[in-house]
Amino acid sequence: MLQNAKTRQLLPLTFVILVLLAFTPVRWVSWLSSFSQLMQTLVAPVSHPLAGLSRWLSPADRGPPDPEAVRALEDTIEETKVQLYQALSENDRLRAMVKELQRGMALDPDLRVLQITVPVIGSAGDMADPMLTVRAGRKQGVDRNTIATAHGLQLVGRVVDAGDRTATVAPITSKSSGGLSAVILLDESSASGLACTLLARGDGTLHGDVEDRYDTATNQPIEPKVGAEVRLRDPNHWPRSAQMLLVGRVESVEPSPKQPLRKVVTVRPTIPNLERVSEVYLRIVPESDAPAPAGTHAGAKR
Amino acid sequence: MNWLLFVVIAWLFLGLEQGLRDAFALGALGFAPSFAFVLMAFVAMSAPRTTVFWTAAALGVCLDLLFRLPMPQSTGMVTIVGPHAIAYALAAQLILSMRALMMRRNPLTLGFLAFVGALLALIILNGIYTIRDAAGAPIEWQPKRQLVAAMGSALYTGVLALVLAFVLLPLTGALGFPDHKSRWGGQRR
């Protein structure tokens, strides 16, 4: 078929076009992303079972498998914790809101979150820093900034690209995710804690400086503890539906190399390898839940 | 060439690439084999010259569509069509120039050709993305790390090709490639 002279003449032209496309500015070829989504969909029938099989053989959490009932209970506990912290956080906000209301500020409507379970059908991007391709897209209501969580409401990451039927999730442990602000809980009865700014290190952990705060009663520095829960509190960059989700637990606390009196923490997600999860829960907000300005409504209702 | 069978095999290999590549990835640098490149190397080892370049272009474009690059700060993903296709075509040219000296029925040949071809392809790919990055394209790209990763990934691709040779070589006839049973694989086409 391709042996004739015509196809031989077309070949150089094809490669000239490909070279031009390879160096065309990204903004002029953004329309190609729809073909990319189509290709993802085309290979999904093969890649999905294989990705599922490989994740079954090499799961994200290599510990002994939990019985289904225990997993369900753990999910419920985590969900309740998130709701508790969101409620506590909401209380703080409402106290501030009372003052705002006195100045005539309107309340935001409550936030509704729809959670869907979607399988991971493959990976995208650089294998040293992979992203997850999931089988849900705009047709399921997924859009950029939709939050992905895993078992135990562990924050996995957020959607950075959504096609009609597939979407790409950037895990929080991916270097390209750009970091986040979080809070290290000092005790489980309060949503307050030490603020920290975390960046992915590329080895499955996040690392960053912790707020320098002193106990007003004793004048002693308040230090984060190994094993403490770290939850997302980054209203400037993450949607409301993601606030107070579990980022991980403090793995180590060290003096900051820049300022020895300050501390830096290493945080490890509760699921050791977020890039290997076989399914994620996408938290879809029916209406736009774009990152809210600092100090605005931070609560969520499920 | 039997294009229908090739399309089916290509679809399977692209699915393998998409579904299993991360499972095979090794180390912090992410050494990972390329299933699609093994298929391309197999075609380049056996098919007529024009067919080889069309195959390189087709598989390359498919991979360009599958391999999307993250934008800084997770602001989105970028699809750039061309780099894989160009890299595969140049690697195909290298394999075409070497294949006449090889014993094509030997699985080691596919392993070796896939290794050298993948090494060249990954270096070219790295070069293209580095130029794009330097020219201000909004992509996350670390040239030095990618260059080191290319060495490991090429070797890994060669090892994978050695294994897949036992699947691909028996398909030579079904795909309509000339069956080179002589020790010195045959004439250049």
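Why does A:Asp161 count as buried? Keep that question in mind while you set up the view, and the tour will come back to it.

**Before you select anything**

This is a predicted model, in which local features need pLDDT of at least 70 and side-chain atom pairs count only at pLDDT 80 or more, while totals for chains, interfaces and linings use all residues. Residues are numbered from 1 along each chain as its sequence is written, and chains are lettered from A and ligands numbered from 1 in the order in which they are written.

**Stop 1: chain A**

Select chain A, whose secondary structure comes to three helices and 12 strands; helices (H or I, at least four residues) and strands (E, at least two) are DSSP runs, numbered from the N terminus. Of its 302 residues, 40% count as buried, a word used for a residue with 20 or more other C-beta atoms within 10 Å of its own, the C-beta atoms being placed from the backbone.

**Stop 2: A:Asp161**

Now select A:Asp161, which you will find in strand 4 of chain A. A:Asp161 counts as buried because it has 27 C-beta neighbours inside 10 Å. Leaving aside neighbours within four places in sequence, A:Asp161 is in contact with A:Arg144, A:Ala167 and A:Thr168, and also with B:Gly76 and B:Met77 of the other chain; contact here requires that the C-beta atoms of two residues, placed from the backbone, lie within 7 Å.

**Stop 3: where chain A touches chain B**

Show both chains together: 47 residues of chain A are in contact with 48 residues of chain B. On the side of chain A, helix 2 gives the most, with 12 residues. By class, this side has 24 nonpolar, 18 polar and five charged residues, where Ala, Val, Leu, Ile, Met, Phe, Trp, Tyr, Cys and Pro count as nonpolar, Asp, Glu, Lys and Arg as charged, and the others, Gly among them, as polar.

**Stop 4: two helices of chain B**

Select residues 3-24 (helix 1) and 35-46 (helix 2) of chain B, whose axes come within 7 Å and cross at roughly 145°. The axes are lines fitted to C-alpha atoms over the stretch in contact, and angles run from 0 to 180 degrees between N-to-C directions. Among the residues making this contact are B:Phe13 and B:Leu14 of helix 1 and B:Phe35 and B:Leu39 of helix 2; by class, the contact has eight nonpolar, no polar and one charged residues.

**Stop 5: B:Ala41**

Finally, select B:Ala41, which touches B:Ile95, B:Leu110, B:Leu113, B:Ala114, B:Gly117 and B:Ala161, not counting residues up to four places away in sequence.

Terms used:
A residue is buried if 20 or more other C-beta atoms lie within 10 Å of its own, exposed if 12 or fewer, and partly exposed in between; C-beta atoms are placed from the backbone.
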